Amino acid sequence: MEIYSNSIENVKAQMRKGVIEYCILSILDKKDSYASSLIEELKKAHMIVVEGTIYPLLIRQKNQGLLSYRWEESPQGPPRKYYAITEKGREALREMDAAWNEIVDTIKYLRQ
């Protein structure tokens, strides 16, 4: 049973990795945010993510034109880099919404 349990944890980890970019765009569609706040929001939703995972994703999404950023002074510590979704990011999010709904429908069909 231990082998199967480890396998399930691996599958869950792969599923999370596959949706983190979608989750980031979903959060930023509601409001601009900085990396630590994004991590906090993901953790509240029980999406386990660490800084070493999120920063490369943010950089990749920015380089793809899905996000922009600006620096803002922080009341505590150094200035913060706030990320915002771009119009291209909103288009990508709409496509991800459609893909997600398609996947959910497929799973529902197959699980009947």
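Let me start with Tyr22, which counts as buried because its relative accessibility is 16%, where buried means under 20% relative accessible area, exposed means over 50%, and partly exposed is in between, using a 1.4 Å probe and protein chains only. Before I go on, please keep in mind that this is a predicted model, in which local features need pLDDT of at least 70 and side-chain atom pairs count only at pLDDT 80 or more, while totals for chains, interfaces and linings use all residues. Residues are numbered from 1 along each chain as its sequence is written, and side-chain values use heavy atoms, with hydrogens and water left out.

Now to the aromatic pairs, of which the structure holds three. The rings of Tyr22 and Trp100 have their centres 6.0 Å apart and their planes at 50°, so this pair is tilted. Rings of Phe, Tyr and Trp (for Trp, its six-membered ring) pair if their centres lie within 6.5 Å, and planes under 30 degrees apart count as stacked, over 60 as edge-to-face and the rest as tilted. Because Tyr22 lies in helix α1 (residues 2-30) and Trp100 in helix α4, the pair ties together parts that are 78 residues apart in sequence. Helices here are DSSP runs of H or I with at least four residues, strands are runs of E with at least two, and both are numbered from the N terminus. Trp100, at 38% relative accessibility, counts as partly exposed.

Tyr69 and Tyr83 also form a tilted aromatic pair, with 6.1 Å from centre to centre and 55° between the planes. Tyr69 lies in strand β2 (residues 67-72) and Tyr83 in strand β3 (residues 80-85), so this pair ties together parts 14 residues apart in sequence. Tyr69 counts as partly exposed at 37% relative accessibility, whereas Tyr83 counts as buried at 5%.

Which charged end sits over the ring of Tyr69? That is the charged end of Lys81, 4.3 Å from the ring centre, and the term requires NZ of Lys or CZ of Arg to be within 6 Å of the ring centre and within 35 degrees of the ring normal. The charged end of Arg80, in turn, sits over the ring of Tyr34, 4.1 Å from its centre.

Let me finish with helix α4, which covers residues 87-111 and whose 25 residues should span 36 Å, in agreement with its end C-alpha atoms being 36 Å apart; the expected span is 1.5 Å times one less than the number of residues. The buried residues of α4 are Gly89, Ala92 and Leu93.
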